[in-house]
Amino acid sequence: MNDKEILLRSIQEVEFALLELNLYLDTHRYDRLALMEYNYYAQNLMMLKYNFDMKYGPLMNFGFSPSVDGWRWIEGPWPWE
Amino acid sequence: MKEDNNANNAGVGNVYPCIYPIPFMPQYVALANAYVPYQQHAKSFLLCEALKKGTLFPELYQPYEVKIGGGRHNE
């Protein structure tokens, strides 16, 4: 697994944990432990996504990172590549 | 912390000292009703483990164990 796949994998792991915490917090809204965990992972996810964005190009076609020198979205690989 | 008495706390709203205003099982249960115990979570799986196991919560991890020689043999 190259660096890109490793970074992508960790993004997936953090997103999965956040989804789980989201479902849990829906019914346990005052659970401080889960809230702390959620806040930590949410921040972590932002950082990971930003790193991925800067290194390998945008993950999402709009709404996350700026495209300064040219539209970076089309530089990325097509899904089947 | 607002104590919310939702449906499954059928009994008197007794607050437990822990983080949960809602008890694991309701105090006064009505007959002919089904109740799901309230999940009380303490420890989470490691992230890589959570993604593999499909849940972040050890208490919810219930894989189908393969029983050697289990199941019906003769049709």
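Trp73(A) counts as partly exposed because its relative accessibility is 36%, where partly exposed covers the range between buried, under 20% relative accessible area, and exposed, over 50%, judged with a 1.4 Å probe and protein chains only. The model is predicted, so that local features need pLDDT of at least 70 and side-chain atom pairs count only at pLDDT 80 or more, while totals for chains, interfaces and linings use all residues. Residues are numbered from 1 along each chain as its sequence is written, chains are lettered from A, and side-chain values use heavy atoms, with hydrogens and water left out.

On a 1 Å grid over the protein atoms alone, a pocket is an open set of points with protein on both sides within 12 Å along at least five of seven lines, a cavity is a set where a 1.4 Å probe fits but cannot get out, and lining residues have an atom within 4 Å of a point. The largest pocket holds about 360 Å³ of space, and of its 14 lining residues, Pro58(A), Trp73(A), Gly76(A), Pro77(A) and Trp78(A) lie nearest its centre. Both α1 (3–27) and α2 of chain A supply at least two residues each to this lining.

The largest cavity has a volume of about 50 Å³, and Trp73(A) is one of the residues that line this cavity, including also Pro58(A) and Trp71(A).

Definitions and conventions: Grid points are joined across faces, edges and corners, and a volume is the space filled by probe spheres set on the points. Helices (H or I, at least four residues) and strands (E, at least two) are DSSP runs, numbered from the N terminus.
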